[in-house]
Amino acid sequence: MDEQPEASSWMTLPSELWTQIFCLVDDPSGLTLTCRFLHRIATDPGAVAQWLIRAHGRPLSLYRTLLLNKKVLTHSVALHLRRLGALIPRFLVQHVVKEQAEAVLGNAGARPFGAAVRPFPAALYALFIGEGYRLYGDEADFAGDDSSALASAMFGDASLEQIRRLIVDFSFVPLRSLIMHPEEVVFRIAKIDISLIDHLLTNGWDPEEVNEGVMRRVVTASDVTPEMLGCYLDRGFTLTPSAIKAALRKCDIATLMALRVHVPQSELQEMVNEIFIDNLAPDFNFSITLVNFLNQNFTVPDCVIEKALVGQSSAQLQDLDKVDMMVAPRAEGATDVGLVVPARTSSLPTCPLMLPTHLTRCFKQPKPGVAWRWVLQTYGPIHRFSQWCFDDSLLRMSHTDGGARPTAYDFLAAGACFRPRHARYLSAIAMGSSGFAVLAAHDLLQKMRIQVIDGGGHCLTTAYSPPNEIKAPHPNEQGANDQSPGQCDLLQERQMWCIAFQSEVERLRARPSAKAPEVGSEKATPVWAQRKASDPAFPAAWFLREMEGILDELTGGQKLRVSDASSSIVALCSFRRLCLQNRPTAPEFSPRGFRRRVILAYQSIMFRLATVSSRAGAARSLSARTFSTAPALPQSYRVEKDTMGELQVPSDRYWGAQTQRSLMNFDIGGETERMPYPVIKAFAVVKKAAAKVNSQTGLDAKVAEAIVQAADEVIAGQHKDHFPLVVWQTGSGTQTNMNVNEVLSNRAIEIMGGELGSKTPVHPNDHVNNGQSSNDTFPTAMHVAAVTEIHQRLIPSLEKLEKALDAKAHEFSKIVKIGRTHLQDATPLTLGQEFSGYKTQVEYGIERVKSALPRLYNLAQGGTAVGTGLNTKIGFAEKIAAQIAEDTGLPFQTAPNKFEALAAHDAIIEASGALNTLAASLNKIANDIRLLGSGPRCGLGELHLPENEPGSSIMPGKVNPTQCEAMTMVCAQVIGNHTAITVAGAQGHFELNVFKPVMIRNLLHSIRLLADASASFTDKCVSGIEPNEGRITEILKESLMLVTALNPYIGYDNAAKAAKKAHKEGTTLKQATVSLGLLNEEEFDRYVRPEQMIGPK
């Protein structure tokens, strides 16, 4: 084997290499104790300087060394650092002078730069002072303090020049060790002049130090734009997850658009998912405004909602339906987990019913009902998410004794159904709670009884069995398998309910507090109806009575079975006859009980008739939504009154008498003519702000809080069906104002546990409308609605269209085409120049719309009836305008003159005029584009438009410019809307304009149409436009107007002769010019160059 060469000594490595190795060591101080060789390396000033630059960065290495590694800073090291590019900012020299003075004078006061105070070496001190005077000369001022100077400049009245001098001339850097709140300082510097950030970077400042705080301020600023955000990102800032979440929680469409430019959609979606999960966490307050905003702009998958609701996959959850259907025979001597079934139901199976802990993560939030109602509204009552929330809403009742209406009632009103496991929930509340929760449990038990006994679709029972009736056999008997699936489901459902109630009856009987007088079997009416004044007043005792009564009804009769339609009709006829002719006289029946049983059995048969008549199972799909599948009961009403008398109002609606009276008096147009919902939301914003302001001047805090909660629900899009009034009503909008007052009043009453329609404790006029009149609330709502829609819908869509047109203008900048005036050929231009005109039209349209906003920001609120402010307190107008501005994030202010604000709506006309001009612009753009795309073979054909759908029902292959046509129709409608607004705005007679509803309806209609049409036109047309360059070149070469380029060479008259000759003879312009002897071919080609005809020379 060959002999291996002797390894080289590591000491023979070049010193430069050792210096580089030395720079990679985290703590080189230990190297000085290893050996002489490494000691020499570790104490070499050049190596130490390079290590310091690697550790602290080049520009600020001297300052950071003085702050963190003062022991290694010698005169030689400082010189090496200066040679390597370390800066000496003025604040560093100021610090050196200050510390030297403290060391000399023995000052032991507070020192931010290190604990030890000792004099600087003379050479090092002289280096700092000398370099300082060399750099800053007459402006050295080393006795000052640049940190304090910058703080005073930023938070005082200093000019931009003072701040710029500190940063540019004196190399100041806002480090955390120098100033307090550097994030705020950097943000303000950037707001003043973003270019100053570049100087900070040159001075050695690292944006990572304040990145989080600065970016959170940037994305939550009211004026954030994609361009502004890009300026920060280009300078080294990064968007952190927490900053993105803060921006999304702002619920601002402009901020979202800025994020979408710079953040990948996948990352945004991930942040949205995390916000949803956080929003439903136990230590958060659920924000319905936030989730609605995110739902409108993102698609949140069910798996994320599931994780947010329960924190795990539903596969890991206890299957609630299996809880209802568990079968476990009871052993002898079993305790509470088993069941004792009475003799009359001894053949039924038994099962343990476990009461689970809460399922949803938001259960422990202060107000989880808001989240549960959102789930109900979003997914409907039969979705599994809603079932979890319904279960938790029942469990939550045992955790509170407040007077608020339990959320469970909302689920029941929406169509949710009780399940057998809920009997355990209600009994737990009755045994373990008190006060309002117990009363609610009793009420819910009665609702459960109605579903189970009187529902007709489940647990079909009757105490009377006519002769020859077909009875359903027990599942263990012969013939049970002959039943239809629906009948088997009903029998199984009945068994589960029997087991559930029997289990709870046994549990309640075992409690001493539930003991009650025995009920004699001779009593004819059901047990639940036998309450007496002498009975014990224990809640559990009453609950036991009621459950025993329901169990008695479930197990006391026979099941009804009808197999097909013909036997159902026979059974129905037989049943009716026997009911009339053979009224039972047995002691166990009373007239009242008999009538109820007759109705029950009749509804049961009608349900079976419906079931067998739709063999495809339509009845079962209906029953999946609710237990009650009996024929619909008549609409129930409550009585409400106003100053003109009493009226019947549907009991399931929040509106009152004045709204009902308007429905009777203004049946015009139907549902399509309802007041636009943005107006309703704006009214809710106004009422919410009024409640907050009035709570400062005497309105009860609880009443104000209930009104605010009700208004928030309306703002979030709930209760839309409770605002039925049409636009065509009184011209001041009084009916809509009272509709909102009544809905908020009744909803607030419901929140506070009162009775709908009682006007107590919340009155629609005295509380919700306090300090207001329809004459000032409606114009205020008009402005709030218009401004909100312009900001959230119109401007983003127009800016999107402007960017798309601008992109096309740049894309087509090199394509020369023929111009056209009077629909005739003209001189050339580029296709990009043509599109730049379209882009500028839209840009000016946006500016016109924005220029109308300052007058829309003025609010009439506080003017009351005629503008005088009667019945308001001093300062009310200013406070409510400020509150609306705070709630909406828009710069609303009180109108300087309330008389103008009530009597005239010139701001609405002005805004509509801007939209009218915008419509004219968009109409011209859409017409030009469809004409340029005409063809495909016999038209101009200069553009290829996107092919979105077939264009003809008779001509195969035809494709039409549908987006252009839609846009022009929208423009026609907007122009018509403006005409109506103009006429209506001219009708302000004396102190009040009485055309308010039609004006805001048409304005919002125009805003929505233009916003949607612009977005559609951008996505489905402009973005997909492609030039037909072959056709463009062909037409350009055939144009006679290229002769204009010859005017300077052959004169106008000769040029005209050449053009006419070419046109008359059908030749080219070149051939005509040469034949006339005006030019030769070479000269013509040199003078006529279309690409040189697109601008001045």
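Reply: Let's start with helix 12 and helix 13, which are roughly antiparallel to each other in this predicted model. Helix 12 covers residues 211-219 and helix 13 covers residues 226-234, and they pack at an angle of about 170 degrees. Any angle over 145 degrees counts as roughly antiparallel, so that is the label this pair gets. Their axes lie 10 Å apart, and the crossing of helix 12 with helix 13 is right-handed.

Now look at who meets whom. Helix 12 brings Val214, Met215, Val218 and Val219, while helix 13 brings Met228, Leu229, Tyr232 and Leu233. Sorted by class, this contact has eight nonpolar residues, with no polar and no charged ones.

For another pair, turn to helix 5 (residues 75-83) and helix 7 (residues 122-136). These pack at an angle of about 30 degrees, with their axes 8 Å apart. Angles under 35 degrees count as roughly parallel, and helix 5 and helix 7 are therefore described that way. Their crossing is right-handed. On the helix 5 side, the contact is made by His75, Ala78, Leu79 and Arg82; on the helix 7 side, by Ala123, Leu124, Leu127, Glu131, Arg134 and Leu135. Here the classes are six nonpolar, one polar and three charged.

In helix 42 (residues 1029-1038), Ile1032, Ile1035 and Leu1036 are buried. They sit on the same side of the helix because they cover an arc of only 105 degrees around its axis. The buried residues of helix 42 pack against strand 5, strand 6, helix 36 and strand 12. On the face turned away from that buried side you will find the exposed residues Lys1037 and Glu1038.

His422 belongs to helix 23 (residues 422-432). With a relative accessible area of 1%, His422 is buried. Leaving aside residues up to four places away in sequence, His422 touches Phe390, Asp391, Leu394, Cys417 and Met448.

Finally, step back to the whole protein. Its secondary structure comes to 46 helices and 12 strands, and 50% of its 1097 residues count as buried. Among contacts between residues at least 6 apart in sequence, 74% join residues at least 24 apart.

Methods: Residues are numbered from 1 along each chain as its sequence is written. This is a predicted model: local features need pLDDT of at least 70, side-chain atom pairs count only at pLDDT 80 or more; totals for chains, interfaces and linings use all residues. Side-chain values use heavy atoms; hydrogens and water are left out. Buried means under 20% relative accessible area, exposed over 50%, partly exposed in between (1.4 Å probe, protein chains only). Helices (H or I, at least four residues) and strands (E, at least two) are DSSP runs, numbered from the N terminus. The arc is that of the directions from the helix axis to the C-beta atoms. Contact means heavy atoms within 4.5 Å. Axes are lines fitted to C-alpha atoms, for helices over the stretch in contact, and angles run from 0 to 180 degrees between N-to-C directions. Angles under 35 degrees count as roughly parallel, over 145 as roughly antiparallel, 65 to 115 as roughly perpendicular and the rest as oblique. A crossing is left-handed if the near helix is turned anticlockwise from the far one by less than a right angle, and right-handed if clockwise. Ala, Val, Leu, Ile, Met, Phe, Trp, Tyr, Cys and Pro count as nonpolar, Asp, Glu, Lys and Arg as charged, and the others, Gly among them, as polar.
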